[in-house]
Amino acid sequence: MHNFRNLIAWQKSVDLAVKVYFTTKEFPNEEKYGIVSQMRRASVSVPSNIAEGSAKSSKKVFCNSLETSLGESYELETQLEISKRVGLISEKDAELLENDLVEIQRMINGLKSKIASQS
């Protein structure tokens, strides 16, 4: 069992979720129930799944939660790409979020590998 608040992947993914909330605030109102909702949900799911998995007594279950978190991060990456292509977000803002996201994905993969090797 891990204290999720001490996990850098959790800390950085919470920061990213906050950035996504502020960024999507600038999106048009007609996207409120579309891509804004999807992006916010995915961004919140990344740290939420890390936290949930850390409470499990089984390393295998924690790894499964990390895989779910990773899947949500790829979903968010796709939504960022779509937002960029349709002009909802600038190239620069998208790149900043994508850079954070790639770093988080690496951290989650690293954490998953570390936990799996301890089994």
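In this predicted model, E72 is placed in helix α3. E72 is buried, with a relative accessible area of 13%. Its side chain makes a polar contact of 3.3 Å with the side chain of R41. Beyond residues up to four places away in sequence, E72 touches R41, A42, S45, V46 and N49.

S73 also lies in helix α3. The relative accessible area of S73 is 0%, so this residue counts as buried. Leaving aside neighbours within four places in sequence, S73 is in contact with V46, L101 and Q105. S73 and I104 are separated by 31 residues in sequence, yet their C-alpha atoms are 8.3 Å apart in space.

L101, I104 and Q105 are among the buried residues of helix α4. Helix α4 itself runs over residues 91–117. At 1.5 Å a residue, its 27 residues should span 39 Å. The end C-alpha atoms of α4 are 38 Å apart, which agrees with that expectation.

Helix α1 has 17 residues. From first C-alpha to last, α1 reaches 24 Å, close to the 24 Å expected at 1.5 Å a residue. Its buried residues are A9, W10, S13, L16, A17, V20, T23 and T24. Seen down the axis of α1, these buried residues fall within an arc of 140 degrees, and therefore line one face of the helix. An α-helix has 3.6 residues a turn, so residues three or four places apart point the same way. The buried residues of α1 pack against α2, α3 and α4.

T24 is found in helix α1. With a relative accessible area of 3%, T24 is buried. Two polar contacts involve its side chain. In one, a polar atom of the T24 side chain lies 2.8 Å from the backbone oxygen of V20. In the other, the side chains of T24 and R40 are joined at 2.9 Å. Not counting residues up to four places away in sequence, T24 touches V36, M39 and R40.

M39, in turn, is in contact with V20, T24, F27, L76, Q79, L80 and S83, leaving aside neighbours within four places in sequence. M39 is also one of the residues with the most contacts inside the largest nonpolar core. This core has 27 residues. L16, I50, L66, L76, L80 and I108 share that standing with M39. The elements that give two or more residues to the core are α1, α2, α3 and α4. In soluble globular proteins, nonpolar side chains tend to be buried together.

Aromatic pairing was searched for across the whole structure, and one pair was found. The rings of F4 and W10 have their centres 5.0 Å apart and their planes at 70 degrees, so the pair is edge-to-face. The two partners fall into separate accessibility classes. F4 counts as partly exposed, at 25% relative accessibility. W10 is buried, with a relative accessible area of 15%. W10 belongs to the buried residues of α1.

Definitions and conventions. Residues numbered from 1 in each chain as written. Predicted model: local features only at pLDDT ≥ 70, side-chain atom pairs only at ≥ 80, totals over all residues. Heavy atoms only, no water. Helix = DSSP H or I, 4+ residues; strand = E, 2+ residues; numbered from the N terminus. Expected span 1.5 Å × (residues − 1). Buried < 20%, exposed > 50% of the residue type's maximum accessible area, 1.4 Å probe, protein only. Contact = heavy atoms within 4.5 Å. Phe/Tyr/Trp six-rings, centres within 6.5 Å; stacked < 30°, edge-to-face > 60°. Core = buried A, V, L, I, M, F, W, Y, C linked by side-chain atoms within 4.5 Å. Arc of directions from axis to C-beta. Polar contact = N/O pair within 3.5 Å; in protein donor to acceptor, adjacent residues only side chain to side chain.
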